[in-house]
Amino acid sequence: MDTVGSYLATRLAQIGLKHHFVVPGDYNLALLDQLLLNKDMQQVNCANELNCAFAAEGYARAKGAAACVVTFSVGAFSAFDGIGGAYAENLPVILISGSPNTNDAGDFHLLHHTLGTHDFHYQIEMAKRITSAAVSIQRAEDAPRLIDQAIRAALLAKKPAYIEIPSNLAGAACAPPGPISAVIDPEPSDAASLAAAVDSAAAFLAKKLKPMLLAGPKLRAAGAEAAFLALAEAIGCSVAVMPGAKSFFPEQHKQFVGVYWGEVSTLGANTIVDWSDGILCAGTVFTDYSTVGWTAQPAGANVLIADPDHVSLPGADFSRVRLADFLSALAKKVKRNDATMVEYARLRPDRPQVPTADPKAKLNRKEIARQIQGIMTGHTTLLLETGDSWFNGIETSLPDGARFEIEMQWGHIGWSVPASFGYAVGSPNRKIVVMVGDGSFQMTAQEVSQMVRHNLPVLLFLINNHGYTIEVEIHDGPYNNIKNWDYGALIEAFNAGEGHAKGYRATNGGELAEAITKAATNTKGPTLIECVIDRDDCTRELIRWGHQVAAANSRPPRKA
Ligand code: DPX
Ligand code: MG
C-alpha cells in the first residue's frame, strides 16, 4: 500500500517534477515527511508562501509544471496571490495545502490558523475560483482518484490545481498509483472539427493578399511553438509576437518582424500588422496593457483567432481543436505568400544603435540596456519585472536559444525575484538574468536568500530609479516615492558567513561594466548590481504606453 502523501509524491515525480517548493506549518508537517521519502524529488524551502507560489510559478515556466506545499489559511491565503498569477499566466502549478484533522469539524472544535468559526470549507471554496480543479481529501481511499483528477485538470488546462490534505491523512494508507498515462495523456482534437477548422483557415488565408502571423502568450502553454514555426515557414510571411510571447518565435529568424505592442512595438512590427489584411493570431491575449489602452487590437474581418482549444474566424467557429494540431495541419495546406515580407523589407527600421556611454558619465537606462544586451547568449533566460524593466528589456535582441519571461497578465511587482529562484532551480544550466525595479524588489527581496542557500548564480540588475516610476507616468503622487535601501549590502547580509552572494553599486557605465565582469566570476551565488539612475529617466515607450493606459483607466462612466 501507499500513503496519501507517498501517492502524491509519486504522481508529482511522474509528471516530471524534480523539486517541490514548501513552507512548513503544523497542518502539513506529516505530509512534508511523506514527500521527503520520495528520492526522485527534492524539497525546497521558501521564505514565505507568496514567494513559494511564485517560485513554483517560475519553476513551471522552466519545467512545464510545478508544485508548492503550504499550511492552512495563514499560508494558503498568501500563496493564493501567486496561484492567481499562475492562473493568469497559464501555468500548471499544483497548490497543496495541509488542513485540519478530519475529526475536528464533527467535534465542533475551533482551530488555530482558521477564521475562528466552525467552517473549514472556506479555503477550498476560495481555491475553486483560481484553479482548474480543487479537491479536498476527506478519506484516504479517495486520494488516488482526487489527486489524479486535480493533476490531470491542471496539466490539460495549463492552469493551477488545488489539493487539500488533512493533517491526519498524509500518512494514511491508500492504493498505489496506476499507470501515469491516465493522468498525463493529452485530450486529442475532435477530428471532424479539426479538419473543418483547417479547411476554413486555409480558405481564409488563400483569399488574403497580405497574410501574416501573430504569436500570443498562450502559444507556449498550448505546446504549439514548433507547429507555429512550421506554419510560418510554410507561408513565408511576417511573424510578430506579443510582449508576453517574446522568445516563442526565434528572433534571429528572417521572418521575425518584432514585438507587436501598438505604438510601442519594436522593429516596426505595428506597421506591418496594420498593413496586413489577414492576421492569424495564435494564442493571443488582448488586454488593456497588451493593446496599449485599447489602441492596438487586431479584430474584425481580417483576423483569425486560434486559441489553445478553439478556432474562430469571420463567420465560423470550431471547438475542441488543439492549437498544435491545428497549426501543424494548416502548415500542410497553406499556399506560400511572402507579401508581408516583401513589404517589411521596405518598412524595416534599422535596429537602434545605442552608442557606448562615456564610462564616467552618470548612468542611464539606455546604457544599462546596452550592457545587458552584451551579455545575452543562447543560454540566457531574461526575466523582466513589471515596471520600466518591461520597456527596457523588451527591445533586447534574443540570440537563438535565449528565453524570455514576463508576467504581463498578472503583473504582480516582486514576481521576478522568487520566480527567477524557482526558474534557476528548474533550469540550473541556464544563465538567469533579471531586470527588476527598486519598488518591485522590496516586495519579495528575502527570496534572494534562497538563491544564496542553493548556490544559484542568478544575476539581478536592480534598477534604482528611486520610486514607482511606471506609476509616476500613469498617475503621479507622493505615494510613488519609496524608501531607499543599500541593496548591495542587503544581499551580502543574506550570506551570514555561509554564502557567496555579491552586491555592487553602479553609478556610471564604467562601474556597471566592472560589476558585470566581476559577476561573471561569481558562479556560486547570486550577484545583485544596483544600477542608480534618475527618477525621471524612463523610456519613451513607457511614457507613450502610460499615457494611453491612463486614458483607458480614466474613461468616464457611461450614462445609464
Ligand atoms: C506598481 C509598480 O521601482 O519599477 O520601473 O520604477 O516602475 P519602476 P519599480 O519596481 O516600481 C514598480 C511600480 C506599484 N504597480 O512602478 S509597476 C502596482 C502594483 C503591482 N503589483 C502589486 N502591487 C501594486 N503591479 C502586488
Ligand atoms: Mg523604481
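Colleague: Is R370 buried, partly exposed or exposed?

Modeller: The model is a predicted one, and burial is read from the relative accessible area: under 20% is buried, over 50% is exposed, and values in between are partly exposed. R370 has a relative accessibility of 25%, so it counts as partly exposed.

Colleague: With which residue does the side chain of R370 meet in a salt bridge?

Modeller: A salt bridge is read from the distance between a side-chain nitrogen of Lys or Arg and a carboxyl oxygen of Asp or Glu, with a cut-off of 4 Å. Here the partner is E367, at 2.8 Å from N to O. E367 is buried, with a relative accessible area of 3%, whereas R370 is partly exposed.

Colleague: How are E367 and R370 separated along their helix?

Modeller: Both belong to helix α14, residues 365-375, and because they are 3 residues apart, about one helical turn separates them.

Colleague: What does the pair K518 and E514 show?

Modeller: Their side chains also meet in a salt bridge, with 3.3 Å between N and O. The two residues lie 4 residues apart in helix α21 (residues 509-521), about one turn of the helix. K518 counts as partly exposed at 38% relative accessibility, and E514 counts as partly exposed at 46%.

Colleague: Are K246 and E251 buried or exposed?

Modeller: K246 and E251 are both buried. Their side chains form a salt bridge as well, at 2.8 Å from N to O.

Colleague: How many salt bridges does the structure hold, and which residues are linked in a network?

Modeller: The structure holds 21 salt bridges. A network of salt bridges links E57, R61, E89, R220 and E405.

Colleague: Let us turn to the backbone. What phi does N90 have, and where is it found?

Modeller: For a positive phi, the reading begins with the residue type and its place in the chain. N90 has a positive phi of about 60° although it is not a glycine. The loop between α4 (76-88) and β5 (93-99) contains N90. With a relative accessible area of 11%, N90 falls under the 20% limit and is therefore buried.

Colleague: What is the corresponding description of N455?

Modeller: N455 is not a glycine, yet its phi is positive, about 55°. N455 lies in the loop between α18 (448-453) and β19 (459-464). Its relative accessible area is 38%, so N455 is partly exposed.

Colleague: How many residues of helix α1 are buried?

Modeller: One counts the buried residues along the run. Helix α1 (residues 4-14) is mostly covered, with 9 of its 11 residues buried. Among them are V4, Y7, L8, R11 and L12. Just after α1, G16 takes a positive phi of about 105°.

Colleague: Which residues coordinate the magnesium ion, ligand 2?

Modeller: A metal site is read from its donor atoms, then from their spacing along the chain. The magnesium ion is coordinated by D438 through OD, N465 through OD1 and G467 through O, at 2.0 to 2.1 Å. Along the chain these donors follow the spacing D-x26-N-x1-G. N465 and G467 are both buried.

Colleague: Which residues come nearest to ligand 1?

Modeller: The shell of residues is listed before the individual contacts. Of the 17 residues around ligand 1, those that come nearest are D438, G439, S440, G467 and I470. The shell divides into 4 nonpolar, 10 polar and 3 charged residues.

Colleague: Which backbone atoms lie at polar-contact distance from ligand 1?

Modeller: A polar backbone atom of G411 is 2.8 Å from a nitrogen atom of ligand 1. A backbone N or O atom of G467 lies 2.8 Å from an oxygen atom of the ligand, and one of T469 lies 2.9 Å from an oxygen atom of the ligand. The protein covers 80% of the 590 Å² of accessible area that ligand 1 has on its own.

Colleague: Which elements give two or more residues to the shell around ligand 1?

Modeller: They are α17 (438-444) and α19 (469-474). α17 gives the most, with 4 residues.

Definitions and conventions: Residues are numbered from 1 along each chain as its sequence is written. Chains are lettered from A and ligands numbered from 1 in the order in which they are written. This is a predicted model: local features need pLDDT of at least 70, side-chain atom pairs count only at pLDDT 80 or more; totals for chains, interfaces and linings use all residues. Side-chain values use heavy atoms; hydrogens and water are left out. Donors are N, O and S atoms within 2.8 Å of the metal (3.2 Å for Na, K and Ca); water is not among the atoms, so sites may look incomplete. Buried means under 20% relative accessible area, exposed over 50%, partly exposed in between (1.4 Å probe, protein chains only). A residue is near a molecule or strand if one of its heavy atoms lies within 4 Å of it. A polar contact is a pair of N or O atoms within 3.5 Å; within protein, one must be able to donate a hydrogen and the other to accept it, and residues adjacent in sequence count only if both atoms are side-chain atoms. Accessible areas come from the Shrake-Rupley method with a 1.4 Å probe; for residues, only the protein chains shown count as cover. Ala, Val, Leu, Ile, Met, Phe, Trp, Tyr, Cys and Pro count as nonpolar, Asp, Glu, Lys and Arg as charged, and the others, Gly among them, as polar.
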